[in-house]
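Thanks for coming. I will go through a few spots in one structure, so please keep the picture in view while I talk.

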Amino acid sequence: MAAKTLKRKVYSGKRVDVLHVERDRDAIYYTQQRPEVSEPTLSAIPAQPEQPILPVTTVAVESIAPTVQPSGAGVPLVDTPLQALDVVHALIAHKLKRSLADVSTAKSIKSLVVGKSTLQNEIVGDLHKEFGGKVPDMVEELSLKDLAAVIGAFGGRLGKHTLAQLARLFSNKMPGGFSLSSARSTLQSVYGLGPQRQDALLLIALTMEPSSRLYGDSEAKSWLSTVAQAYAAKAGISYAVTSAGGSSGQTGAPIVSSAEMKKLQQKQHEHIRQQIQVLARYAGMDLREGARLAENEQSRSAEMQTRLD
């Protein structure tokens with residue numbers, strides 16, 4: 001359209017370069033060697049008093065730091081079924097507000113609560129919510145190991161009680177943008193954990209609940225990393241990451257998020273558009289002349305059609 005516009009008589013005798021934003025990228029960004037323009041050539045440009053010549057301004061492009069995950073992409077680990085003992089141990093430790101190391105699986109609920117009957121009844125109720133009818137009678141008399149053996153196979157997924165406690169944890173202690181689904185996504189992409197290993201890790205997270213709300217994703221991810229290391233120590237595993245070349249190691253290639261890349265491209269396109277507008281004003285060109293002519297033609301056509309009707 002610009003080339004057609006330049007063929008009009010009003011532009012005869014003027015030399016205007018028409019650049020394409022993709023094909024002429026080097027010329028637009030001044031990355032190629034340009035011949036020096038002598039002073040007489042610049043002074044030979046006829047003045048246009050009715051439309052002052054505007055100086056070419058440089059529009060700064062904001063530098064965007066890419067989102068980097070230094071740990072790279074996690075190598076997937078073999079997913080293992082969640083065990084009843086993992087759930088029982090974490091559920092009771094969380095209720096007693098103790099760490100897993102401070103709750104022996106060789107002890108019974110009755111010995112752990114030390115005569116606190118109300119607390120004992122609450123734990124028994126929580127077990128019934130979690131496992132339903134699989135919980136035996138006189139459950140408080142059994143050691144945690146024996147209780148887990150009696151429960152046996154239970155589907156390998158978290159029950160109503162633990163899911164509710166996890167929802168409460170992320171609602172009350174995590175920042176607004178860091179949800180349970182965000183945590184699971186991180187555990188899969190960064191640490192290579194499948195759904196059932198994620199459940200086992202999140203049970204440990206219940207026993208490592210922060211004392212107050214965390215602020216910002218960095219604090220939340222730091223806490224999740226601590227929980228992940230605790231799970232690795234308990235499960236006897238180690239995490240590995242895949243570098244850019246596909247090999248496993250402790251560091252990976254920086255990962256630029258698609259959202260940041262799209263934002264950078266939009267800023268570049270806006271910068272190019274502004275440069276074109278400045279150059280058009282300098283050359284005395286109306287970039288919308290063709291569009292205005294088309295609009296006028298459409299308006300006249302509509303008016304004639306109205307008269308014919």
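Is Lys173 buried or exposed? Keep in mind that this is a predicted model. Lys173 is buried, because its relative accessible area is 15%, and the cut-off for buried is under 20%. As for where to find Lys173, look in helix α8, which covers residues 160–173.

Next, the surroundings of Lys173. Leaving aside residues up to four places away in sequence, Lys173 touches Glu209, Pro210, Ser211, Ser212, Arg213 and Leu214. With one of these, Glu209, there is a polar contact between the side chains, at 2.9 Å.

Stay with α8 and look at how it meets α6. Helix α6 spans residues 117–131, and it packs against α8 at an angle of about 105°, the two axes being 6 Å apart. So α6 is roughly perpendicular to α8, since angles of 65 to 115 degrees count as such. Which residues of α6 and α8 meet? From α6 they are Asp126, Lys129 and Glu130, and from α8 they are Lys160, His161 and Thr162. Sorted by type, the residues of this contact between α6 and α8 are four charged, two polar and no nonpolar.

Now helix α7, residues 144–151. Its buried residues are Leu144, Leu147, Ala148 and Ile151. They lie on the same side of α7, because the arc they cover around the axis is only 100°. What covers these buried residues of α7? The cover includes α4, residues 84–96, then α5, residues 109–113, and also α6.

Lys97 has a positive phi, near 60°, and is not a glycine. Look for Lys97 in the loop between α4 and α5. Is Lys97 buried or exposed? Lys97 is exposed, because its relative accessible area is 79%, and exposed means over 50%.

The other is Met138, in the loop between α6 and α7. Here too phi is positive in a residue other than glycine, this time near 50°. Met138 has 53% relative accessibility, so Met138 counts as exposed.

Methods
Residues numbered from 1 in each chain as written. Predicted model: local features only at pLDDT ≥ 70, side-chain atom pairs only at ≥ 80, totals over all residues. Heavy atoms only, no water. Helix = DSSP H or I, 4+ residues; strand = E, 2+ residues; numbered from the N terminus. Buried < 20%, exposed > 50% of the residue type's maximum accessible area, 1.4 Å probe, protein only. Polar contact = N/O pair within 3.5 Å; in protein donor to acceptor, adjacent residues only side chain to side chain. Contact = heavy atoms within 4.5 Å. Axes fitted to C-alpha atoms, helices over the stretch in contact; angles between N-to-C directions. Parallel < 35°, antiparallel > 145°, perpendicular 65-115°, else oblique. Nonpolar A, V, L, I, M, F, W, Y, C, P; charged D, E, K, R; others polar. Arc of directions from axis to C-beta.
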